[in-house]
Amino acid sequence: MNSPKERILTTASGLFHQQGYNSTGINQIISEAAVAKASFYDHFKSKDDLCIAFLTARHEYWFSELNRFCSKSKGTKQRLLAAFDFIIYMNEKEDFRGCSFLNILSEISRDQASILSIIQAHKNDLRIFFKNEDVSESISDHIYLLFEGSIIESQLFKSNELVYKSKEIVDNLI
């Protein structure tokens, strides 16, 4: 059986992803993770600290999967197109839940700067991912914006149609 900290993080990850950050209470997390309240607070000082741990773990998982997905492709164009296939893969795997980082961004207040900085770092790393390919900076920025728009629109419409269209645009750009 996993440690209490792992159970808390796993439970919170699922709940934040499915219900949203604000709709998930600490008591629900404690109950579903089958831990004592004291155990929760031994590992996380607040729900915000738990959110930071969730986003940090999600960042590591998400980039690991993206890199694995794209590493199978040879050449810049194929790797960039594979990134859009990754969106399709994640949409099918997670039932069009979209971007955990943007979902939480829409729920936090201005004074939750520590959560905001994790979200910004994730998005900066994604921009760097595209900039590291052998394309101009303006093309990499364009691809980044298409990628982000594809995630949001596919979540909104529960469809990969715009992901395929974005992939076609990238194919024509390069």
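This is a predicted model: local features need pLDDT of at least 70, side-chain atom pairs count only at pLDDT 80 or more; totals for chains, interfaces and linings use all residues.
**A friendly note on helix packing**

1. Now look at H2 itself, residues 26-33. Which of its residues are buried? They are Ile26, Ile29, Ile30 and Ala33. These four lie on the same side of H2, because they cover an arc of only 95° around the axis. The spacing makes sense: an α-helix has 3.6 residues a turn, so residues three or four places apart point the same way. Turn to the other side of H2 and you will find Asn27 and Ser31 exposed.

2. What covers the buried residues of H2? The cover includes helices H1 (4-19), H3 (37-43) and H4 (47-71).

3. H4 also packs with H7 (residues 113-131): their axes come within 9 Å and cross at roughly 10°. With angles under 35 degrees counting as roughly parallel, H4 and H7 are therefore roughly parallel to each other. Among the residues making the contact are Trp62, Phe63 and Leu66 of H4, and Ile115, Leu126 and Phe129 of H7. By class, this contact has twelve nonpolar, five polar and two charged residues.

4. Finally, the largest nonpolar core has 47 residues. Leu66, Ile104, Ile115, Leu126, Phe130 and Phe147 are those with the most contacts inside it. H4 gives the largest share of this core, ten residues.

5. Leaving aside neighbours within four places in sequence, Phe147 is in contact with Trp62, Ala83, Phe84, Ile87, Leu126 and Phe130.

Conventions:
Residues are numbered from 1 along each chain as its sequence is written. Side-chain values use heavy atoms; hydrogens and water are left out. Buried means under 20% relative accessible area, exposed over 50%, partly exposed in between (1.4 Å probe, protein chains only). Helices (H or I, at least four residues) and strands (E, at least two) are DSSP runs, numbered from the N terminus. The arc is that of the directions from the helix axis to the C-beta atoms. Contact means heavy atoms within 4.5 Å. Axes are lines fitted to C-alpha atoms, for helices over the stretch in contact, and angles run from 0 to 180 degrees between N-to-C directions. Angles under 35 degrees count as roughly parallel, over 145 as roughly antiparallel, 65 to 115 as roughly perpendicular and the rest as oblique. Ala, Val, Leu, Ile, Met, Phe, Trp, Tyr, Cys and Pro count as nonpolar, Asp, Glu, Lys and Arg as charged, and the others, Gly among them, as polar. A nonpolar core is a set of buried Ala, Val, Leu, Ile, Met, Phe, Trp, Tyr and Cys residues joined through side-chain atoms within 4.5 Å.
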